[in-house]
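Trainee: I would like to learn how to read a model like this one. Could we go through it one feature at a time?

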Amino acid sequence: MSEFESPDVLRSVLESLQTGLYLVDRDHKIVFWSDGAERITGYLRQEVVGRFCRESLLARNEKNKNIKNKDILSEAADALATAFRDGKPASDEVSFRHKSGHRVPVRMRAAPIRNSHGSIIGAVECFDESPAVSDWDRRQTKLADLGHLDQVTGVANQGFIQSCLRENLSNFAVTLVPFSLVFVQVDRLEHLRAAYGPAVIAPIQREVAQTLENSLRPTDFLGRFNDDQFLIILMQCSASEVERVADRLRKMVSQTQVEWWGDELPITASFGGTTVKPEDKLPMLLERAKKSLSESLATGGDRVTARWNDDGDCLEAESPCS
(Lines give C-alpha, C1' and ligand atoms only; values in the text may rest on other atoms or scores of the structure.)
Protein backbone atom coordinates (compact mmCIF):
# COMPACT_ATOMS: atom_id res chain seq x y z
CA MET A 1 0.00 0.00 0.00
CA SER A 2 1.32 3.44 -0.92
CA GLU A 3 1.99 5.65 2.08
CA PHE A 4 -0.35 8.20 0.52
CA GLU A 5 -3.19 5.73 1.00
CA SER A 6 -2.63 5.69 4.75
CA PRO A 7 -5.68 7.06 6.63
CA ASP A 8 -3.33 9.01 8.92
CA VAL A 9 -1.70 10.76 5.96
CA LEU A 10 -5.05 11.60 4.36
CA ARG A 11 -6.40 12.90 7.66
CA SER A 12 -3.30 15.06 8.13
CA VAL A 13 -3.77 16.55 4.67
CA LEU A 14 -7.44 17.35 5.33
CA GLU A 15 -6.70 18.84 8.75
CA SER A 16 -4.09 21.18 7.32
CA LEU A 17 -6.38 22.65 4.65
CA GLN A 18 -6.87 26.39 5.04
CA THR A 19 -10.27 26.11 3.40
CA GLY A 20 -12.95 25.56 6.02
CA LEU A 21 -14.01 21.93 5.88
CA TYR A 22 -16.03 19.68 8.15
CA LEU A 23 -17.65 16.23 7.94
CA VAL A 24 -20.88 15.01 9.49
CA ASP A 25 -22.23 11.50 9.84
CA ARG A 26 -25.76 10.38 8.92
CA ASP A 27 -27.02 11.68 12.28
CA HIS A 28 -25.58 15.11 11.47
CA LYS A 29 -22.92 14.77 14.18
CA ILE A 30 -19.68 16.60 13.38
CA VAL A 31 -16.83 14.10 13.09
CA PHE A 32 -14.12 16.28 11.51
CA TRP A 33 -13.15 19.98 11.62
CA SER A 34 -10.18 21.35 9.64
CA ASP A 35 -7.55 23.94 10.53
CA GLY A 36 -9.20 26.24 8.01
CA ALA A 37 -12.55 25.87 9.76
CA GLU A 38 -10.85 26.85 13.02
CA ARG A 39 -9.26 29.89 11.39
CA ILE A 40 -12.38 31.15 9.63
CA THR A 41 -14.88 30.56 12.46
CA GLY A 42 -12.70 31.03 15.55
CA TYR A 43 -13.92 27.68 16.97
CA LEU A 44 -11.32 25.02 17.78
CA ARG A 45 -12.03 21.43 16.75
CA GLN A 46 -12.33 20.33 20.36
CA GLU A 47 -15.23 22.79 20.74
CA VAL A 48 -17.05 21.40 17.71
CA VAL A 49 -16.28 17.74 17.02
CA GLY A 50 -18.89 15.50 18.62
CA ARG A 51 -21.60 18.12 18.57
CA PHE A 52 -24.70 17.87 16.42
CA CYS A 53 -25.65 20.31 13.68
CA ARG A 54 -28.94 21.01 15.44
CA GLU A 55 -27.04 22.56 18.36
CA SER A 56 -26.71 26.32 18.14
CA LEU A 57 -23.15 27.29 17.36
CA LEU A 58 -22.62 29.72 14.51
CA ALA A 59 -25.73 31.87 14.01
CA ARG A 60 -26.19 32.32 10.29
CA ASN A 61 -28.33 34.09 7.76
CA GLU A 62 -28.73 33.30 4.08
CA LYS A 63 -27.67 36.10 1.75
CA ASN A 64 -30.60 38.19 0.50
CA LYS A 65 -33.15 36.09 2.44
CA ASN A 66 -33.29 38.20 5.62
CA ILE A 67 -33.31 35.10 7.85
CA LYS A 68 -31.74 35.52 11.27
CA ASN A 69 -30.38 33.25 13.95
CA LYS A 70 -30.12 30.03 12.00
CA ASP A 71 -27.05 27.93 12.54
CA ILE A 72 -24.49 27.44 9.82
CA LEU A 73 -24.36 23.80 10.90
CA SER A 74 -28.09 23.25 11.39
CA GLU A 75 -30.19 20.76 9.50
CA ALA A 76 -31.94 23.73 7.92
CA ALA A 77 -28.69 24.79 6.20
CA ASP A 78 -29.64 24.66 2.53
CA ALA A 79 -26.47 23.19 1.04
CA LEU A 80 -26.03 20.45 3.63
CA ALA A 81 -29.73 19.54 3.66
CA THR A 82 -29.77 19.29 -0.14
CA ALA A 83 -26.74 17.00 -0.13
CA PHE A 84 -28.53 14.62 2.25
CA ARG A 85 -31.97 14.89 0.70
CA ASP A 86 -31.10 14.79 -3.01
CA GLY A 87 -27.73 13.09 -2.90
CA LYS A 88 -26.25 15.87 -5.03
CA PRO A 89 -23.65 18.62 -4.46
CA ALA A 90 -25.11 22.00 -3.51
CA SER A 91 -23.91 25.49 -2.62
CA ASP A 92 -25.19 28.52 -0.75
CA GLU A 93 -23.99 32.01 0.18
CA VAL A 94 -24.37 32.81 3.88
CA SER A 95 -22.89 34.90 6.63
CA PHE A 96 -22.20 33.54 10.10
CA ARG A 97 -21.19 34.96 13.43
CA HIS A 98 -17.51 34.45 14.23
CA LYS A 99 -16.74 33.25 17.75
CA SER A 100 -15.58 36.77 18.65
CA GLY A 101 -18.88 38.27 17.48
CA HIS A 102 -18.50 39.87 14.03
CA ARG A 103 -20.18 38.64 10.86
CA VAL A 104 -18.26 36.71 8.20
CA PRO A 105 -19.69 36.19 4.68
CA VAL A 106 -18.79 32.82 3.12
CA ARG A 107 -19.73 30.54 0.26
CA MET A 108 -20.72 27.04 1.38
CA ARG A 109 -20.37 23.93 -0.80
CA ALA A 110 -21.71 20.55 0.34
CA ALA A 111 -21.59 17.04 -1.10
CA PRO A 112 -22.85 13.66 0.12
CA ILE A 113 -20.44 10.93 1.28
CA ARG A 114 -21.34 7.41 0.14
CA ASN A 115 -20.12 3.98 1.19
CA SER A 116 -19.08 1.22 -1.21
CA HIS A 117 -22.75 0.28 -1.71
CA GLY A 118 -23.72 3.80 -2.74
CA SER A 119 -25.64 4.61 0.44
CA ILE A 120 -25.24 8.10 1.90
CA ILE A 121 -23.39 7.82 5.22
CA GLY A 122 -22.65 11.49 5.78
CA ALA A 123 -21.75 14.75 4.08
CA VAL A 124 -18.84 17.10 3.67
CA GLU A 125 -19.18 20.87 3.62
CA CYS A 126 -16.42 23.33 2.80
CA PHE A 127 -16.50 27.11 2.98
CA ASP A 128 -14.30 30.05 2.06
CA GLU A 129 -14.33 33.67 3.12
CA SER A 130 -15.49 36.30 0.67
CA PRO A 131 -12.74 38.43 -0.95
CA ALA A 132 -13.65 41.29 1.40
CA VAL A 133 -12.64 39.17 4.40
CA SER A 134 -9.41 38.09 2.74
CA ASP A 135 -8.55 41.75 2.14
CA TRP A 136 -8.95 42.60 5.86
CA ASP A 137 -5.40 41.62 6.90
CA ARG A 138 -3.84 43.21 3.83
CA ARG A 139 -5.64 46.48 4.46
CA GLN A 140 -4.59 46.49 8.10
CA THR A 141 -0.95 45.87 7.20
CA LYS A 142 -0.94 48.63 4.58
CA LEU A 143 -2.63 51.14 6.90
CA ALA A 144 -0.19 50.27 9.71
CA ASP A 145 2.80 50.74 7.40
CA LEU A 146 1.48 54.19 6.44
CA GLY A 147 0.73 55.13 10.06
CA HIS A 148 -3.01 55.40 9.35
CA LEU A 149 -4.35 52.43 11.34
CA ASP A 150 -6.77 53.02 14.20
CA GLN A 151 -5.35 50.75 16.88
CA VAL A 152 -8.68 50.17 18.64
CA THR A 153 -10.86 49.14 15.71
CA GLY A 154 -8.37 47.98 13.07
CA VAL A 155 -9.74 50.26 10.34
CA ALA A 156 -8.46 53.53 8.91
CA ASN A 157 -8.00 56.38 11.37
CA GLN A 158 -9.68 59.78 11.20
CA GLY A 159 -6.86 61.45 9.27
CA PHE A 160 -6.88 58.85 6.52
CA ILE A 161 -10.66 58.73 6.00
CA GLN A 162 -10.84 62.53 5.91
CA SER A 163 -8.04 62.58 3.34
CA CYS A 164 -9.95 60.03 1.23
CA LEU A 165 -13.07 62.15 1.51
CA ARG A 166 -11.31 65.32 0.33
CA GLU A 167 -9.75 63.45 -2.58
CA ASN A 168 -13.08 62.00 -3.67
CA LEU A 169 -14.77 65.39 -3.47
CA SER A 170 -12.05 66.85 -5.72
CA ASN A 171 -12.42 63.98 -8.20
CA PHE A 172 -16.19 64.42 -8.25
CA ALA A 173 -15.78 68.03 -9.35
CA VAL A 174 -14.05 66.72 -12.48
CA THR A 175 -15.79 63.41 -13.21
CA LEU A 176 -19.28 63.93 -11.69
CA VAL A 177 -19.27 60.22 -10.76
CA PRO A 178 -21.32 60.19 -7.54
CA PHE A 179 -20.31 58.78 -4.20
CA SER A 180 -22.18 58.59 -0.91
CA LEU A 181 -21.30 59.03 2.75
CA VAL A 182 -22.68 57.01 5.62
CA PHE A 183 -22.07 57.81 9.29
CA VAL A 184 -22.43 54.86 11.67
CA GLN A 185 -22.81 54.98 15.45
CA VAL A 186 -23.32 52.01 17.76
CA ASP A 187 -26.57 52.40 19.69
CA ARG A 188 -26.73 52.76 23.49
CA LEU A 189 -22.98 53.17 23.96
CA GLU A 190 -23.45 55.21 27.13
CA HIS A 191 -25.80 52.58 28.55
CA LEU A 192 -23.32 49.80 27.75
CA ARG A 193 -20.48 51.81 29.26
CA ALA A 194 -22.46 52.41 32.45
CA ALA A 195 -23.66 48.81 32.72
CA TYR A 196 -20.44 46.98 31.87
CA GLY A 197 -17.66 49.50 32.35
CA PRO A 198 -15.60 51.53 29.85
CA ALA A 199 -13.49 48.53 28.83
CA VAL A 200 -16.45 46.99 26.96
CA ILE A 201 -16.51 49.77 24.34
CA ALA A 202 -13.31 48.81 22.50
CA PRO A 203 -14.32 45.19 21.69
CA ILE A 204 -17.78 46.36 20.62
CA GLN A 205 -16.33 48.96 18.28
CA ARG A 206 -13.82 46.44 16.94
CA GLU A 207 -16.43 43.79 16.11
CA VAL A 208 -18.74 46.33 14.47
CA ALA A 209 -15.81 47.66 12.43
CA GLN A 210 -14.89 44.20 11.17
CA THR A 211 -18.50 43.36 10.34
CA LEU A 212 -18.73 46.56 8.29
CA GLU A 213 -15.36 45.99 6.62
CA ASN A 214 -16.35 42.43 5.69
CA SER A 215 -19.59 43.70 4.13
CA LEU A 216 -18.14 46.41 1.89
CA ARG A 217 -16.71 46.25 -1.61
CA PRO A 218 -12.93 46.60 -2.09
CA THR A 219 -13.49 50.03 -3.66
CA ASP A 220 -15.31 51.44 -0.61
CA PHE A 221 -13.63 53.06 2.39
CA LEU A 222 -14.29 52.65 6.10
CA GLY A 223 -12.68 54.71 8.83
CA ARG A 224 -13.14 55.77 12.43
CA PHE A 225 -14.30 59.36 12.28
CA ASN A 226 -14.26 60.03 16.03
CA ASP A 227 -14.50 58.09 19.30
CA ASP A 228 -18.12 57.02 18.72
CA GLN A 229 -18.62 57.15 14.96
CA PHE A 230 -17.46 55.45 11.79
CA LEU A 231 -17.58 56.99 8.32
CA ILE A 232 -18.11 54.95 5.15
CA ILE A 233 -17.43 56.25 1.64
CA LEU A 234 -19.45 54.28 -0.91
CA MET A 235 -17.85 54.74 -4.31
CA GLN A 236 -20.00 55.16 -7.43
CA CYS A 237 -23.05 55.07 -5.23
CA SER A 238 -25.99 57.29 -6.07
CA ALA A 239 -28.78 58.85 -4.04
CA SER A 240 -31.18 56.16 -5.21
CA GLU A 241 -28.98 53.40 -3.76
CA VAL A 242 -27.38 54.64 -0.56
CA GLU A 243 -30.35 53.90 1.72
CA ARG A 244 -30.63 50.31 0.49
CA VAL A 245 -26.92 49.68 0.94
CA ALA A 246 -26.90 51.25 4.40
CA ASP A 247 -29.86 49.12 5.45
CA ARG A 248 -28.03 45.97 4.36
CA LEU A 249 -25.10 47.03 6.56
CA ARG A 250 -27.50 47.78 9.43
CA LYS A 251 -28.88 44.24 9.26
CA MET A 252 -25.38 42.78 9.32
CA VAL A 253 -24.48 44.79 12.42
CA SER A 254 -27.73 43.76 14.13
CA GLN A 255 -26.58 40.14 13.84
CA THR A 256 -23.32 40.91 15.64
CA GLN A 257 -22.86 39.98 19.30
CA VAL A 258 -20.06 40.53 21.79
CA GLU A 259 -19.49 38.17 24.69
CA TRP A 260 -18.52 40.04 27.84
CA TRP A 261 -17.93 38.19 31.11
CA GLY A 262 -20.41 35.49 30.18
CA ASP A 263 -23.08 37.85 28.83
CA GLU A 264 -23.99 37.96 25.14
CA LEU A 265 -24.41 41.63 24.29
CA PRO A 266 -26.65 42.24 21.25
CA ILE A 267 -25.41 45.12 19.12
CA THR A 268 -27.28 47.52 16.86
CA ALA A 269 -26.22 50.72 15.13
CA SER A 270 -27.74 53.81 13.59
CA PHE A 271 -26.88 54.94 10.06
CA GLY A 272 -27.09 58.35 8.42
CA GLY A 273 -26.32 58.82 4.74
CA THR A 274 -26.19 61.35 1.98
CA THR A 275 -24.91 61.66 -1.60
CA VAL A 276 -22.57 64.27 -3.01
CA LYS A 277 -24.02 67.13 -5.05
CA PRO A 278 -22.20 69.40 -7.54
CA GLU A 279 -22.40 72.45 -5.25
CA ASP A 280 -21.12 70.61 -2.15
CA LYS A 281 -18.21 71.75 -0.05
CA LEU A 282 -16.80 69.35 2.51
CA PRO A 283 -18.53 70.93 5.56
CA MET A 284 -21.90 70.87 3.76
CA LEU A 285 -21.54 67.23 2.82
CA LEU A 286 -20.53 66.15 6.32
CA GLU A 287 -23.25 68.20 7.97
CA ARG A 288 -25.96 66.62 5.82
CA ALA A 289 -24.78 63.11 6.69
CA LYS A 290 -24.55 64.00 10.40
CA LYS A 291 -28.13 65.30 10.35
CA SER A 292 -29.24 61.99 8.88
CA LEU A 293 -27.47 60.11 11.66
CA SER A 294 -29.03 62.38 14.30
CA GLU A 295 -32.49 61.58 12.94
CA SER A 296 -31.80 57.83 13.16
CA LEU A 297 -30.52 58.15 16.74
CA ALA A 298 -33.47 60.33 17.76
CA THR A 299 -35.98 57.66 16.74
CA GLY A 300 -34.42 55.02 18.96
CA GLY A 301 -31.61 53.67 16.81
CA ASP A 302 -31.18 50.58 14.64
CA ARG A 303 -32.40 52.68 11.74
CA VAL A 304 -31.19 54.19 8.46
CA THR A 305 -31.92 57.77 7.43
CA ALA A 306 -30.74 59.17 4.10
CA ARG A 307 -30.89 62.95 3.72
CA TRP A 308 -30.52 64.23 0.18
CA ASN A 309 -30.64 67.93 1.02
CA ASP A 310 -31.71 70.18 3.88
CA ASP A 311 -35.36 69.92 2.78
CA GLY A 312 -35.29 66.11 2.84
CA ASP A 313 -35.95 65.79 -0.92
CA CYS A 314 -34.48 62.82 -2.78
CA LEU A 315 -32.04 63.41 -5.60
CA GLU A 316 -32.53 61.01 -8.48
CA ALA A 317 -29.44 59.24 -9.83
CA GLU A 318 -28.69 55.97 -11.55
CA SER A 319 -25.21 54.73 -10.58
CA PRO A 320 -25.47 51.42 -8.74
CA CYS A 321 -23.70 50.23 -5.64
CA SER A 322 -24.27 47.06 -3.66
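Mentor: Let us start with aspartate 302, which lies in the loop between H10 and E14. Those labels belong to helices (H or I, at least four residues) and strands (E, at least two), which are DSSP runs numbered from the N terminus. This is a predicted model, in which local features need pLDDT of at least 70 and side-chain atom pairs count only at pLDDT 80 or more, while totals for chains, interfaces and linings use all residues. Residues are numbered from 1 along each chain as its sequence is written, and side-chain values use heavy atoms, with hydrogens and water left out.

Trainee: What is the phi of aspartate 302?

Mentor: Its phi is near 50°, a positive value in a residue other than glycine. Aspartate 302 is partly exposed, with a relative accessible area of 30%. Buried means under 20% relative accessible area, exposed over 50%, and partly exposed in between (1.4 Å probe, protein chains only). Tryptophan 261 also has a positive phi, about 50°, although it is not a glycine. Tryptophan 261 sits in the loop between strand E11 (257-260) and strand E12 (263-266) and is exposed, at 81% relative accessible area.

Trainee: How many residues does helix H10 have, and how far does it reach?

Mentor: The expected span of a helix is 1.5 Å times one less than its number of residues. H10 (residues 282-298) has 17 residues and reaches 24 Å from its first C-alpha to its last, close to the 24 Å expected. After H10 comes glycine 300, with a positive phi near 110°.

Trainee: Which residues of H10 are buried?

Mentor: An α-helix has 3.6 residues a turn, so residues three or four places apart point the same way. In H10 the buried residues are Leu285, Leu286, Arg288, Ala289, Ser292, Leu293 and Ser296. They are on the same side of H10 because they cover an arc of only 160° around the axis, the arc being that of the directions from the helix axis to the C-beta atoms. Pro283 and Ala298, on the other side of H10, are exposed.

Trainee: What covers the buried residues of H10?

Mentor: The cover includes helix H6 (158-175) and strands E8 (179-186), E10 (229-235), E13 (269-275) and E14 (304-306). Arginine 307, in the segment after E14, is buried, with a relative accessible area of 14%. Contact means heavy atoms within 4.5 Å. Leaving aside neighbours within four places in sequence, arginine 307 is in contact with Gly273, Thr274, Arg288, Lys291, Ser292 and Glu295.

Trainee: Which residues are closest to the centre of the second largest pocket?

Mentor: Rolling a probe the size of a water molecule over the atoms shows where empty space is left. On a 1 Å grid over the protein atoms alone, a pocket is an open set of points where a 1.4 Å probe fits, with protein on both sides within 12 Å along at least five of seven lines; lining residues have an atom within 4 Å of a point. The second largest pocket holds about 250 Å³ of space. Of its 15 lining residues, Arg139, Lys142, Leu143, Phe160 and Phe221 are the closest to its centre. Helix H5 (131-146) and strand E9 (221-224) are the elements that give two or more residues to this lining, and the largest share, six residues, comes from H5.

Trainee: How many helices and strands does the chain have?

Mentor: The chain comes to ten helices and 14 strands. Of its 322 residues, 49% count as buried.

Notes: Points joined across faces, edges and corners; volume = space filled by probe spheres on them.
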